[in-house]
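Dear colleague,

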Amino acid sequence: MTERKPVTLHRLRAMHRDGETITMLTCYDSSFARVLDAAGVDVLLVGDSLGMTLQGHTSTVPVSIDAMEYHTRCVASGNRYAWIVGDLPFGSYHESCEQALRNAARLMQAGAQMVKLEGGGWTAPVVRFLVERGIPVCAHLGLTPQSVHALGGYRIQGRDDAAAGLMLAQGRELAEAGAAMIVIELVPSDLGRILARELPIPVIGIGAGAGCSGQVLVLHDMLGITHGRKPRFVRDFMDGAASIDDAVARYVAAVRDGSFPDESTHGY
């Protein structure tokens, strides 16, 4: 068997160019990093979703850069091949480009290979500033959880033509600023398909339909251990699995063969 090679930015771009679906899951510690990496997950997202899954908050807003740095270091210690993306948490890049650089540097020094930030418009100069200084950036549009209070809750974004057009324009602006990847969350499947077709970078969907360049889920959601009501776009991969390792492998296989997400079940 050929040994797996480390996932690089060049490899992710080649996957996008060749139409090969990218698999991503959130990850917060060394043990799960080993499991996800062994299952062939392409990208491990050290998400500020840890505020809800690990810390028990009702949103991602309370998460600190100290927490993100700590968990990024934990994930990096257990990973061998996957590409690691670290979330810049709320308030860590909003003040200035220089503030964003300081905090992005902390995540990169902890083991991240790319940082992710939320929002469009005002974030484009921040993306450009980081990219010009050698820091790969993943953007995030649609439902941006750090802005959940401004958005009025966890609602589907981009439903009307004006909102969809704005999201596409912001996506193009972020790509032009140098973003190498973009996550789009909780948007209609048709819009997800348009964004994936029109943007020159990989578009990773979460609740954005099957037409995206790749898929991401929160680890605890796909393992069926999240308390409360689960979003429509989530599938419990532990259902029928022999182990956690098996569940993660089934997720990877389902994303790659196109059986997840199923538009009739998981789309909007």
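Which residue in β3 is the bridge partner of L44? The partner is I84. Please note that the model is predicted.

The strands around L44 may be described first. Strand β2, residues 43–46, pairs with strand β3, residues 83–87, in the parallel sense over 4 bridges. Strand β1, residues 22–26, also pairs with β2 in the parallel sense, over 3 bridges, and here L44 is the bridge partner of L25. β1 and β2 form a right-handed β-α-β unit together with helix α2, residues 30–38. Strand β2 is covered on both faces: V43 and L45 are buried on one side, and L44 and V46 are buried on the other.

At least two lining residues come from each of α3 (50–53), β6 (181–185) and α10 (219–222). By class, the lining of the largest pocket has 15 nonpolar, 12 polar and 9 charged residues.

The second largest pocket holds about 310 Å³ of space. It is lined by 19 residues, with G119, G120, G142, T144 and Q170 nearest its centre. Two or more of the lining residues are given by each of β5 (137–142) and α8 (161–177), and α8 gives the most, with 4 residues. The lining of the second largest pocket divides into 8 nonpolar, 10 polar and 1 charged residues.

Yours sincerely

Key: Residues are numbered from 1 along each chain as its sequence is written. This is a predicted model: local features need pLDDT of at least 70, side-chain atom pairs count only at pLDDT 80 or more; totals for chains, interfaces and linings use all residues. Side-chain values use heavy atoms; hydrogens and water are left out. Ala, Val, Leu, Ile, Met, Phe, Trp, Tyr, Cys and Pro count as nonpolar, Asp, Glu, Lys and Arg as charged, and the others, Gly among them, as polar. On a 1 Å grid over the protein atoms alone, a cavity is a set of points where a 1.4 Å probe fits but cannot get out, and a pocket is an open set with protein on both sides within 12 Å along at least five of seven lines; lining residues have an atom within 4 Å of a point. Grid points are joined across faces, edges and corners, and a volume is the space filled by probe spheres set on the points. Buried means under 20% relative accessible area, exposed over 50%, partly exposed in between (1.4 Å probe, protein chains only). Two strands pair if DSSP finds at least two bridges between them. A crossover is right-handed if, with the strands pointing away from the viewer, the path from the first strand over the helix to the second runs clockwise.
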